Amino acid sequence: MGGRGQRRCRVHCWVVGILLVCNVERICAQLRYTVPEEVQVGSPVGNVAKDLGMDVNTLTSRRLRIVPGPNHALFQLNQNNGLLSVGTNIDREELCDGTKVCLINLKIVVENPLEIHHVGVEISDVNDHSPAFPESAQRLEIAENTPPGTRFQVHAARDPDFGVQSVKTYKLNTNDIFDIEIRDSEEDKIPFLVLKKPLDREKKAEHCLVLTAADGGSPPKSGTLHLNITVLDVNDNRPMFSKDVYTVSLDENAPIGTLVLQINATDLDEGMNSEIEYSFGKTQRKKVHDIFDLDRVTGEITVKGSVDFEETEIYKLDIKVSDKGQPPTMTESRVIIKIKDVNDNKPEIEATSLSNKIPENTKPGTIIALISVTDRDSGVNGKVICKVSDHVPFDLRPSIEENMYSLITKGLLDRETLSHYDLIITATDCGEPQLQSVKTLSVQVSDVNDNKPSFSQNPQELYLTENNTPGAAIFSVSAADEDLNENSVINYHLLRGDGVKGDMTSFLNINSDNGEISALKSFDFEAVKTFQFQVVATDSGTPSLSSNVTVHVFILDQNDNAPVILYPVSSNGSAEGVQEISRNVHAGHLVTKVRAYDADIGYNGWLLFSLQEVSDHSLFGLDRYTGQIRTLRSFTETDEAEHKLLILVKDNGNVSLSATATVMVKVVEPKEAFAASDVQSAAKDDEDSDVTFYLMITLGAVSLLFVISIIVLIAMQCSKSTDYTSKYLQEPNYDGTLCHSIQYRSGDKRYMLVGPRMSIGSTIVPGSHANTLVLPDRRRTSEERERGNNNYTSHTLGLNFP
């Protein structure tokens, strides 16, 4: 008990630190400690953090740990202070039986930055085993005529301990006839019993001896073997081997039945005394009997089981030959079989990665994993070449340490192009034939906010019918973001103006979540015909990215204005008038002309005239389109002198609006008509002055609209592409009613708001709310131009030219 305690106290820990600079982000270092076997669990081995110069306060955050591997459970690493200690009972003989140096290699890894260190712990031997013989007793039969000096091999003791702790001496109890002799064979000590004096069976037929084997420990341990010697009286020649030691080479993985060696022994006796047979010595390990077979008659040694160089490099076989004499004699020899390595082990790949997710903005050259490759074969068979699959933005950078690699990024990553990589790591040895191993390492590319929201179309157009409901949605914009999660969550807002005149964003509102735009007021086509605004889409990434889209709004007309009678107009403002004509006028005489105006455009402003009431239908006629009242025939003596005409003026909207005018026609004799001409002329001048006043107001409004259109055109051409420029042209034209025309361009379409003249063959554009006409793309013939002189009395028609 005291010896074990003393051994446990013999814990020698020293550091052989070899710091190798692997790259700018990782330092490879190697430490070596020594700890005796059978030491108490929890005993300290060494302070890894202190010996590597690490900051103890950062060990926990950097996740100091032992990388799982063979025998890693033998030790424990304290993550708080970096102390390496024994984790379980260590038996050197179980771990490293038959090897001179028992070295356990550990990999210590820390993160942020990623570092890997190699720590070797040598397990030193302690004298925890006593020498033991394969049997407690051995019987020998020796003929009485055996000459002095003859040697007899006896059982050798085995001690699993190594070096000086193994069997060192053999001692025979005191006697006059026998002595012990030791033969050193490599690391083994084989005892031989030596006859010092001739035997005399008649004096003593049995000899009992005790052989003691002791190791070199302090204090030494020992084991005993009882030798029972029987003295015989026959067969005075022993079989003899041709060699004391046979040495042969054998390839590993040799097929079962392969002949390893044929040994040969001879006996000079005759008859039964010369017949010999072979057998394994009793000191053989059991594994030898499982792997090799010995023919008792021929001495052929053949392969019986699996021969593995990586498990055992050399086998030592004790062969015994004995004759069939009475008593039989025997001799022992040793066969040493050296196993030659063949390339039968594939390389083994081990990957230690910090994380299987890397950001897409990771810089080229960043280390993402450490690759370690091992091959159990030796020499060129164990030399490995490692590479990563082609056509990926990753590469393997060799380390100073053999068979160590850093997996680094070699190009820019883009999650939107490829978000997942299955990297195929291939390790190929240099043996013949070459063996290869493959390991797949999955790398996930995580998202960063590197994509702006994008609109499918920019700019966009909105055609909005006037008199919309305030607060109702009128339009919706939508942007897409190729990023993920919060980086793709989009908020919308309007780019507000500075409050100057014409800024319509104050009348708009937008839902920040879905981009739905609502109008806070009702728009009036007669006040505003077009405007534009910008919507900004911003993602929720850090930092956030944004883009904007321009929305061009075109207000579409509704039939919300009734016709306005411009003539006749009485002094009190009512649409009434008196017209005197001479009784002697002929058919077709122009009595007067009703003039009207509608603020709407297109069909909504196209006016038609009709007679609602007339005293004599045969006397007066009304032109449906011009509003001209003409006589249909000459007056007669029986015709009334005064006629009342009620004229209805209505537009062509879906729900038409109308106004009425009353014209009183007085028929006078020619002299009275001539006399009254001066008075009527004066009245006519007053009436025309009123009409002229209204015409001037209307022309001024149209001119103002023209100027505004030109300003908008210039602004759009300066700020946007030519696809969305607008060109306005105003052409006042008066023929019965007040009309005007405007044309503008939007994208690849050209729109025109025309006056009363409308070419034959015009069609209404479907879905245009009856305010847009499309002109066929052909030239007008002279006949059409003549027919076009028959003007339609309307306000404005919208024409769309493809």
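Biologist: Why is R415 counted as buried?

Modeller: Its relative accessibility is 10%, and buried means under 20% relative accessible area, with exposed over 50% and partly exposed in between (1.4 Å probe, protein chains only). So 10% puts R415 in the buried class. Please keep in mind that this is a predicted model, where local features need pLDDT of at least 70 and side-chain atom pairs count only at pLDDT 80 or more, while totals for chains, interfaces and linings use all residues. Residues are numbered from 1 along each chain as its sequence is written, and side-chain values use heavy atoms, leaving out hydrogens and water.

Biologist: What makes R415 and D447 a salt bridge?

Modeller: Their closest N and O atoms are 3.0 Å apart. The criterion is a side-chain nitrogen of Lys or Arg within 4 Å of a carboxyl oxygen of Asp or Glu, so the pair qualifies. R415 lies in the loop between strand 30 and strand 31 (420–429), and D447 in the loop between strand 32 (436–446) and strand 33 (454–455), so the pair ties together parts that are 32 residues apart in sequence. The strands named here are DSSP runs of E with at least two residues, and helices are runs of H or I with at least four, numbered from the N terminus. D447, at 18% relative accessibility, is buried as well.

Biologist: What joins R63, R65 and E111 into one network?

Modeller: They are linked by salt bridges that share partners. Across the whole structure, a search finds 18 salt bridges.

Biologist: How do you know that K324 and E275 form a salt bridge?

Modeller: The closest N and O atoms are 3.6 Å apart, which is within the limit, so the pair counts. K324 is in the loop between strand 23 (314–323) and strand 24 (330–340), whereas E275 is in the loop between strand 19 (265–266) and strand 20 (276–280), so parts 49 residues apart in sequence are tied together. K324 is partly exposed at 36% relative accessibility, and E275 is partly exposed at 36% too.

Biologist: Is D184 buried or exposed, and why?

Modeller: D184 has a relative accessible area of 52%, and that value is over the cut-off for exposed, so D184 is exposed. Its salt-bridge partner is K189, with the closest N and O atoms 3.0 Å apart. K189 counts as partly exposed at 25% relative accessibility.

Biologist: How do you know that strand 27 (residues 367–374) and strand 30 pair?

Modeller: Five bridges join them in the antiparallel sense. Two strands pair if DSSP finds at least two bridges between them, so five is enough. Within this pairing, L370 stands opposite S406 in strand 30. Both strands belong to an open sheet of four strands with the order 25-27-30-29 and antiparallel pairing. Strand 25 (348–353) and strand 29 stand at its edges, each with a single partner strand, so one side of each is left without a neighbour in the sheet. From one strand to the next, the twist averages 25° (axes are lines fitted to C-alpha atoms, for helices over the stretch in contact, with angles from 0 to 180 degrees between N-to-C directions).

Biologist: What makes strand 41 (residues 546–556) mostly covered?

Modeller: Nine of its eleven residues are buried. Strand 34 (residues 460–465) runs parallel to strand 41, with six bridges between them, and Q460 has V551 as its bridge partner. Strand 40 (residues 530–539) runs antiparallel to strand 41 and is joined to it by nine bridges, one example being Q532 with H552. A hairpin through six residues connects strand 40 to strand 41.

Biologist: Which backbone atom lies 3.3 Å from a polar atom of the side chain of S399?

Modeller: The backbone nitrogen of E401. S399 is in the loop between strand 29 (394–398) and strand 30 (404–409), and its relative accessible area of 14% makes it buried.

Biologist: Why is Y625 called partly exposed?

Modeller: Its relative accessible area is 31%, so the value falls between the buried and exposed limits. Y625 sits in the loop between strand 47 (620–622) and strand 48 (628–631).

Conventions:
A polar contact is a pair of N or O atoms within 3.5 Å; within protein, one must be able to donate a hydrogen and the other to accept it, and residues adjacent in sequence count only if both atoms are side-chain atoms.
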